[in-house]
Amino acid sequence: MSAVISTRGLVKQYGRLRAVDGIDLDVQAGDVYGFLGANGSGKTTTVRMLLGLVLPTSGEIDLLGERMPRAGRRVLPRVGALIEGPAHYGHLSGRENLSLLDAAGRGGSWRTRRRRVDEALDQVGLGGVGRRPVKAYSLGMRQRLGLAGALLRRPELLVLDEPTNGLDPQGISEVRELLLELHRTGTTVFLSSHLLAEVEQLCSRVGVLDRGRLVLQDELATLTAPTGSTVVYTPTPDRVRGTLDGRVASIDGERVIVRGSDPAEVNALLVGAGIPVTGLALDRPTLEEVVLAAAGTSPDRVEARP
Amino acid sequence: MRARGHGAARRWAAVGVLIAALLALPAVIGALPTSDAAVPATELRDRALASESLGFSGYAVSAGSLALPVTDQLSSVADLFSARTMMRVWWRGPADNRVDVVTPAGETGTHRGSGTTWTWEYETATATRTTANPLELPAPPDVLPNALGRRFLSEAADSELSRLGARRVAGRDTLGLRLTPAAAAASVSRVDVWIDTGTGLPLQVEVVQKGAARPALDTRYLDLDLAVPAREVTAFTPPPGASVREGREAEVVLEAGRRVRPVELPAELAGLPGRRLDGVPPGIGLYGSGVTLLAVAPVPPGLANGLRNALSQSPDAVVDEVGTRVSAGPVAVMIVEPPGRGPYVLTGTVTLDAIAAAAAQLPDLVGRP
Amino acid sequence: MIVVELRKMFRRPRTWATIAVLNALPILVAVLLLLTDLAPRPGEGPPFLSAVLSNGALYPLAALAIVLPLFLPIAVAVVAGDSIAGEAQAGTLRYLLARPVGRTRLLVAKLVAVLAFVLVTVLIVALVGYVVGTTLFHAQPLGSTAVGGTSVSGTALTPQDIADRTMMAIGYVAVSMLGVAAFALFFSTLTDSPLGATMGALAVLVASSLLFTLDAASPIAPYLPTRYWLAFVDLFRDPIQWRDLTRGLALQGVYVGVLLAAAWANFTTKDVTS
């Protein structure tokens with residue numbers, strides 16, 4: 001496995017404000033990396049630094065094994081990006097937009113351009129959109145077109161900022177399928193989002209950004225690994241405490257956490273004591289719990305200082 | 001990655017250096033040393049006078065600050081001395097040259113041939129032919145540094161001349177010659193003429209009034225090309241569609257001079273000796289020499305009235321029993337109307353006191369019933 | 001990249017609307033002139049307008065002179081001011097740079113596109129002027145040996161002369177607009193608002209025109225960007241007065257050089273946050 005994105009001590013300072021404060025990202029080839037963070041936590045600035053749009057105050061960025069932004073000319077053609085929503089020339093059709101974007105940079109032969117544009121449009125479900133100008137598109141169609149622009153050059157790495165923004169539930173599901181399909185064919189996906197559910201469904205690795213600092217970065221499976229306890233649902237939680245004295249960690253309504261990583265054993269004990277068990281599961285933390293535990297309050301909140 | 005910040009500073013520094021270099025360029029060229037030569041003043045004057053028939057072409061600017069109080073008939077003369085005049089010059093000799101006064105969207109060309117002068121005015125599409133006249137109104141060619149400089153120097157006494165240093169004019173080395181008029185009546189304190197070291201062409205003339213620091217008239221070449229221009233360039237044929245007419249402005253003055261009963265003008269006015277010009281009617285008198293000149297001429301009553309109105313509108317006008325007089329820079333103008341006679345105009349590069357004294361000295365005109 | 005920028009520019013309805021508006025004024029003037037027959041005196045009003053009644057082939061020049069002081073610079077400032085700031089405002093700038101397109105390359109391509117716009121605009125104004133002039137007014141055919149017109153200096157010019165000099169004038173007017181374009185392009189890299197960049201460039205022009213009329217500003221007059229704009233009239237003097245023309249070309253060259261360098265220094269080290 002090789003590092004696709006790797007930053008060391010990345011800092012971006014705007015005046016006295018440190019928007020990004022020394023983060024060390026590590027995205028491996030084949031990852032679907034979920035980059036989580038509240039609005040204003042520095043996600044977008046980080047994504048822009050990765051793509052060479054914003055120049056870091058200090059720190060290093062390696063993208064696909066090469067130093068950014070110096071090697072941008074070599075690296076960026078291998079990266080597809082959707083940054084802070086799609087943007088197109090409203091008076092041109094979607095096809096022309098893609099064609100212009102492809103022609104703007106090096107590396108896309110004009111011979112294959114037409115075919116590649118058609119393929120990308122098909123991939124995002126805009127194959128039959130025709131010659132309509134983009135300004136007549138719905139928000140969802142624009143989002144799809146933006147995605148098509150990112151896919152145009154069959155990138156090794158996709159950097160996506162809120163890719164499902166503006167899509168209806170069906171569209172979200174389609175995009176998810178598309179990303180998973182791309183991932184299966186070897187594309188690394190870097191997904192920046194504030195939607196926990198989206199990240200939880202798609203990603204294999206997660207990084208959490210809070211006020212410019214990377215507070216958490218690990219495999220999703222590790223973060224949500226069983227805690228060694230068992231969750232028991234019962235209408236009579238007090239009787240559980242009586243039966244399994246000392247092993248009950250907490251009681252929350254009908255939800256009882258019992259220490260012990262074998263639900264079958266817990267179940268046998270409870271059923272043996274005649275306690276009705278309506279539900280039984282291994283205790284795993286949700287991603288939301290993990291994120292909330294790692295990050296503080298939302299940076300949108302501006303509290304009065306004492 | 002700190003290097004990025006330095007990169008910005010470096011790039012801006014490069015731009016700053018570029019701008020500084022471009023800004024400094026004119027100053028550097030202007031500061032190029034000029035070579036001075038120990039040429040005596042009189043020899044320099046002789047060189048300037050000898051360069052009259054030298055052919056050249058060039059681009060000259062004359063900047064005057066003389067608000068001459070004149071009537072509409074003479075507004076072109078007034079403009080010549082009060083505004084910035086840009087002139088293109090083709091010089092084959094004193095009797096074969098062309099001077100175009102260039103304005104942003106038009107021009108007035110003066111083509112001098114032997115005996116005939118064509119004036120082309122683009123604004124009115126008019127070609128005017130004037131035949132040689134002993135008395136001519138000042139025209140653009142007269143304020144060219146070479147013409148004006150020579151005119152001043154030709155009548156200067158050796159004692160009035162002194163040397164100045166060197167200066168770069170029109171990209172050429174010039175030597176300075178200062179003319180300080182000796183006559184007490186003179187309103188001009190000095191005239192500085194800058195003469196091309198190589199050819200003797202006067203390339204810049206500055207006329208400074210008594211009591212002033214800045215020149216009242218500064219005329220100089222900006223470009224000079226010493227190749228003799230082709231004959232076709234100085235020649236003129238009225239283009240089709242143009243209206244052609246005969247020039248009569250100077251005639252007006254001459255006619256008035258002929259019509260009045262010749263009076264015996266004194267041999268000297270305000271300390272300036274009289275001088276004779278061929279073809280000038282005896283009614284018109286000319287005094288002085290070089291920079292200090294005084295003219296006395298009868299004018300038709302209509303012109304005199306207009307002129308007097310124009311004069312008295314000037315805040316500096318002096319109106320008394322002698323007449324109405326005013327000075328515009330070094331040029332003084334006075335209107336006198338002796339009873340029983342037509343009005344006279346006195347004008348010249350003399351002080352106001354001198355022109356009043358001259359008016360008082362006129363016999364039969366002033367102070368006698 | 002240049003081809004892409006040209007495609008973008010000329011596929012844009014606004015570009016053609018601007019050119020159409022630019023042509024409306026000379027056409028209106030021509031129609032009014034034909035209906036009233038009241039030509040301004042030569043030297044008054046726009047240069048060459050008076051000569052049009054006798055030779056309609058001069059109308060391209062009159063048309064250029066009509067749009068030169070205000071309309072043309074505004075059009076150029078709008079297009080050039082939009083070049084970077086417009087992409088920034090639309091959000092397409094980040095996609096272009098992430099594509100990636102080198103920032104210097106983008107800047108040069110934008111300048112070339114603006115240059116093409118200036119050339120096309122000036123040519124169309126001249127062409128429409130020629131068509132309008134020859135249909136509405138009496139005109140001498142090109143190539144005839146007859147006198148085509150009178151130069152400013154009062155010499156007769158053949159139609160061929162006039163055609164040649166008109167071409168040179170078109171070229172000169174186009175170059176004169178480069179300074180405006182460079183200012184607008186530079187401001188366009190400073191701000192994300194195309195309107196701001198356009199206004200900045202126009203403010204420079206207004207200031208320059210104002211200073212030009214002020215005697216106290218005469219020491220800096222030779223360096224004002226609008227100083228030599230009217231010098232295309234010098235092409236119709238006989239002989240042609242090259243002095244101001246060459247200075248005008250050099251001055252525009254200096255402005256383009258300096259402002260492009262400044263735009264480059266700014267744009268290549270700038271954070272793109274739009």
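This is a predicted model: local features need pLDDT of at least 70, side-chain atom pairs count only at pLDDT 80 or more; totals for chains, interfaces and linings use all residues.
Setting aside residues within four places in sequence, C:Ala181 is in contact with C:Val76, C:Ala80, C:Val114 and C:Val118. C:Ala181 also belongs to the largest nonpolar core, which has 170 residues. Within that core, the residues that touch the most other members are C:Ala181, C:Leu64, C:Ala201 and A:Phe190. Which helix supplies the largest share of this core? That is helix α7 of chain C, residues 159-190, with 17 residues. As general background, nonpolar side chains in soluble globular proteins tend to be buried together.

The contact takes 30 residues from chain B and 25 residues from chain C. On the chain C side, helix α9, residues 242-267, gives the most, with six residues. How do the residues on that side divide by type? There are 13 nonpolar, nine polar and three charged.

Now to chain A, and its sheets. One is an open sheet of six strands with mixed pairing, in the order β7-β8-β9-β4-β10-β11. At its edges are β7, residues 79-82, and β11, residues 213-219, and each of these pairs on one side only. From one strand to the next, the twist averages 15°. Look at the β11 end of this sheet in chain A. Strand β10, residues 205-210, pairs with β11 in the antiparallel sense, over six bridges. Across that pair, A:Leu209 stands opposite A:Leu214 in β11 of chain A.

Helix α1 of chain A, residues 43-50, packs on this sheet. The strands that α1 touches are β4 (32-37), β8 (157-161), β9 (188-193) and β10, each in chain A. The direction of α1 makes about 150° with that of β8 in chain A. Is α1 of chain A largely enclosed or left open? Eight of its eight residues are buried, so the helix is largely enclosed by the rest of the structure. The count for burial is 20 or more other C-beta atoms within 10 Å of a residue's own. The buried residues in α1 of chain A are A:Lys43, A:Thr44, A:Thr45, A:Thr46, A:Val47, A:Arg48, A:Met49 and A:Leu50. Just after the helix, A:Gly52 takes a positive phi of about 80°.

There is also an open sheet of four strands in chain A, with antiparallel pairing and the order β13-β14-β12-β15. The edges are taken by β13, residues 248-252, and β15, residues 279-282; each has a single partner strand, so one side of each is left without a neighbour in the sheet. Here, too, the twist averages 15° from one strand to the next. In this sheet of chain A, β13 and β14, residues 255-259, run antiparallel and are joined by four bridges. One bridge pairs A:Asp252 with A:Arg255 in β14 of chain A.

Last, the domains. The assignment for chain A gives domain 1, residues 3-223, and domain 2, residues 229-283. Taken over C-alpha atoms, 45 Å separate the centres of these two domains of chain A. Chain B is divided into domain 1 (1-32), domain 2 (41-245) and domain 3 (248-361). In chain B, the C-alpha centres of domain 1 and domain 2 lie 42 Å apart.

Notes. Residues are numbered from 1 along each chain as its sequence is written. Chains are lettered from A and ligands numbered from 1 in the order in which they are written. Two strands pair if DSSP finds at least two bridges between them. Helices (H or I, at least four residues) and strands (E, at least two) are DSSP runs, numbered from the N terminus. Axes are lines fitted to C-alpha atoms, for helices over the stretch in contact, and angles run from 0 to 180 degrees between N-to-C directions. Two residues are in contact if their C-beta atoms, placed from the backbone, lie within 7 Å. A nonpolar core is a set of buried Ala, Val, Leu, Ile, Met, Phe, Trp, Tyr and Cys residues joined through C-beta atoms within 7 Å. A residue is buried if 20 or more other C-beta atoms lie within 10 Å of its own, exposed if 12 or fewer, and partly exposed in between; C-beta atoms are placed from the backbone. Ala, Val, Leu, Ile, Met, Phe, Trp, Tyr, Cys and Pro count as nonpolar, Asp, Glu, Lys and Arg as charged, and the others, Gly among them, as polar. Domain bounds come from an automatic or database domain assignment.
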